[in-house]
Amino acid sequence: MPIGRWVSEADTWLSRSPGFFSGKPVVVDVSRLLLTKAKLAKLIADLGSRGIRVMGLLGADPAWVDADLPPVLTPGRTTELDTPRETREKREAPAPLPPAPSARVIPSHVRSGQTLFHDGDLTIIGSVSSGAEIVATGSIHIYGALRGRVLAGADGNKAAHIFCRRLAAELVAIDGYYRMAEDFPSDLLEKPVHAWLEDGDLKINALD
Amino acid sequence: MAQVVVVTSGKGGVGKTTTTAALGASLAQSGQRVAVVDFDVGLRNLDLVMGAERRVVYDLIYVSQGTVKLSQALIRDKRLETLFLLAASQTRDKDALTDDGVAKVMRELRESFDWIICDSPAGIERGATLAMRHADVAVVVTNPEVSSVRDSDRIVGLLDSKTDKAARGERIEKHLLLTRYDPVRAGRGDMLNVDDVIDILSLPLLGIIPESEEVLRASNLGSPVPISSPKSGPARAYSDAARRLMGEDVPMVFPTDRNGLFSKIFGRRAA
């Protein structure tokens, strides 16, 4: 197809969707066109006047290249096929470690109606009342009676643990796996306990 | 130095108003200058319990808005001359009470009284938070049953966050007053016992007021129980509590079972 007709066809196309090429990097393959350097320069200029930005050329003579023409690209098919696989592998590589969680100590009771959230490990020196809620991204330690709701590992940390001096909780949860008061084994009630996750199962054991 | 006491509970009907009147009367009986202030705008009752309902001319809102002077609104008790009442408005809306207005009244009351006892409305809304805002001491009134205990727990959380003292980083002094305590029913396990309540609330115990017909009779007579029947169990319990508030070391009587002291006194009637 003569270049002139091709350009006018591109004009028709652009009149229907004027934004089709906008912001898109375009590579022009001229290997079948047998163009001279002058004709190639005109083609690039014609495309440029229609808002088509040519980022590279395929099949052009590298000797023609100067400041007015886009760089000549080598086909490099193997590399092109490999690139996506490499990026995929890179994405699956271990994510950077999250910043070490900070520890926070609350030196008092947590009363009914109060909620506490902490990004990291949380220690309560006191009781957690019925109707209170404690949420932490790390582990939770309660040096008192646990009567409220306690949720550890809140952002998906399966390695979080919960410890309390006396279990009378309304709800205990680690990373969304939870147990309600009625699910606790009765021999653990009012006892010091340790809760953790094992294969998606929330385990609760007496501490002594 | 004046002490502002808030009598609060969260839950209604546990005995805040009775306690305000009785503590006020007990403190006044030992010579202290006492003002009892009703914060329950729209549902006032302290005037009835104090027997002053026909003597209310001006109320807390008039004073807070600067319409009248504090001395014009204070009603002196007819039996105890160091006991005064500042009534709430029955006709106005709760929003008529402003932060600044209440602060002004409290400042003035502190100048002329030893004790200012604020009777908080039930709930955790504006009226209750205004009543506790200026308090130095809180008396948390609790019945030995789970809903009252939980509501008290909620109120303690608010006392530690919504008072001026808490805002200054200080701790408000809090006391637990267990009211309507029936040792026989607690002994049978129908009610929480004293240890359960103290264990859950973790507050120092100011006193245990036994459930008694005397209290009901006193309210209906419009005479606080330490005035109407000073020898009765509740009157003595309130008087002990008032002395503890003043810093005296008064041994606590723990009614634990049928053989306890309170059971001997009240057991026959309750059984």
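**Close-up 1. Crossing of helix 7 and helix 10 in chain B of the predicted model.** In this predicted model, helix 7 of chain B passes helix 10 of chain B in a right-handed crossing. Helix 7 of chain B covers residues 146-162 and helix 10 of chain B covers residues 194-201. Their axes are 10 Å apart, and the packing angle is about 30°. Because angles under 35 degrees count as roughly parallel, helix 7 of chain B is described as roughly parallel to helix 10 of chain B. From helix 7 of chain B, the residues in the contact are Val149(B), Ser152(B), Asp153(B) and Val156(B). They meet Val197(B), Ile200(B) and Leu201(B) of helix 10 of chain B. By class, this contact of helix 7 with helix 10 in chain B holds five nonpolar residues, one polar residue and one charged residue.

**Close-up 2. Crossing of helix 6 and helix 7 in chain B.** Helix 7 of chain B also packs with helix 6 of chain B, which spans residues 126-133. The two axes come within 10 Å and cross at roughly 60°. Helix 6 of chain B and helix 7 of chain B are therefore oblique to each other. The crossing of helix 6 of chain B with helix 7 of chain B is right-handed. Thr129(B), Met132(B) and Arg133(B) represent helix 6 of chain B in the contact, and their counterparts in helix 7 of chain B are Leu158(B), Leu159(B) and Lys162(B). The contact of helix 6 with helix 7 in chain B divides into three nonpolar, one polar and two charged residues.

**Close-up 3. Crossing of helix 1 and helix 13 in chain B.** Helix 1 of chain B (residues 16-29) and helix 13 of chain B (residues 233-245) have axes that come within 9 Å and cross at roughly 70°. That angle makes helix 1 of chain B roughly perpendicular to helix 13 of chain B. The crossing is right-handed. On the side of helix 1 of chain B, the contact is made by Ala22(B), Leu23(B), Ser26(B) and Leu27(B). Helix 13 of chain B contributes Tyr238(B), Ser239(B), Ala241(B) and Ala242(B). Six nonpolar and two polar residues make up the contact of helix 1 with helix 13 in chain B, with no charged residues.

**Close-up 4. Six-stranded open sheet of chain A.** The strand order is 4-6-8-10-13-14, and the pairing is mixed. Strand 4 (102-106) and strand 14 (201-206) of chain A are the edge strands, each of which pairs on one side only. From one strand to the next, the twist averages 20°. Strand 13 of chain A (residues 193-198) runs antiparallel to strand 14 of chain A, and six bridges join them. Val193(A) has Ala206(A) of strand 14 of chain A as its bridge partner.

**Close-up 5. Three-stranded open sheet of chain A.** The strands of this sheet follow the order 1-2-3, with parallel pairing. Strand 1 (26-29) and strand 3 (72-73) of chain A stand at the edges; each has a single partner strand, so one side of each is left without a neighbour in the sheet. Strand 2 of chain A (residues 54-58) is joined to strand 3 of chain A by two bridges, and these strands run parallel. The bridge partner of Leu57(A) in strand 3 of chain A is Val72(A).

**Close-up 6. Domains of chain A and the contact with chain B.** The domain assignment divides chain A into domain 1 (3-74) and domain 2 (102-206). The C-alpha centres of domain 1 and domain 2 of chain A are 66 Å apart. In the contact between the chains, chain A supplies nine residues and chain B supplies six residues. On the side of chain A that touches chain B, eight residues are polar, one is charged and none is nonpolar.

Conventions: Residues numbered from 1 in each chain as written. Chains lettered and ligands numbered in written order. Predicted model: local features only at pLDDT ≥ 70, side-chain atom pairs only at ≥ 80, totals over all residues. Pairing = 2+ DSSP bridges. Helix = DSSP H or I, 4+ residues; strand = E, 2+ residues; numbered from the N terminus. Axes fitted to C-alpha atoms, helices over the stretch in contact; angles between N-to-C directions. Domains from an automatic or database assignment. Parallel < 35°, antiparallel > 145°, perpendicular 65-115°, else oblique. Left-handed = near helix turned anticlockwise from the far one by under 90°. Contact = placed C-beta atoms within 7 Å. Nonpolar A, V, L, I, M, F, W, Y, C, P; charged D, E, K, R; others polar.
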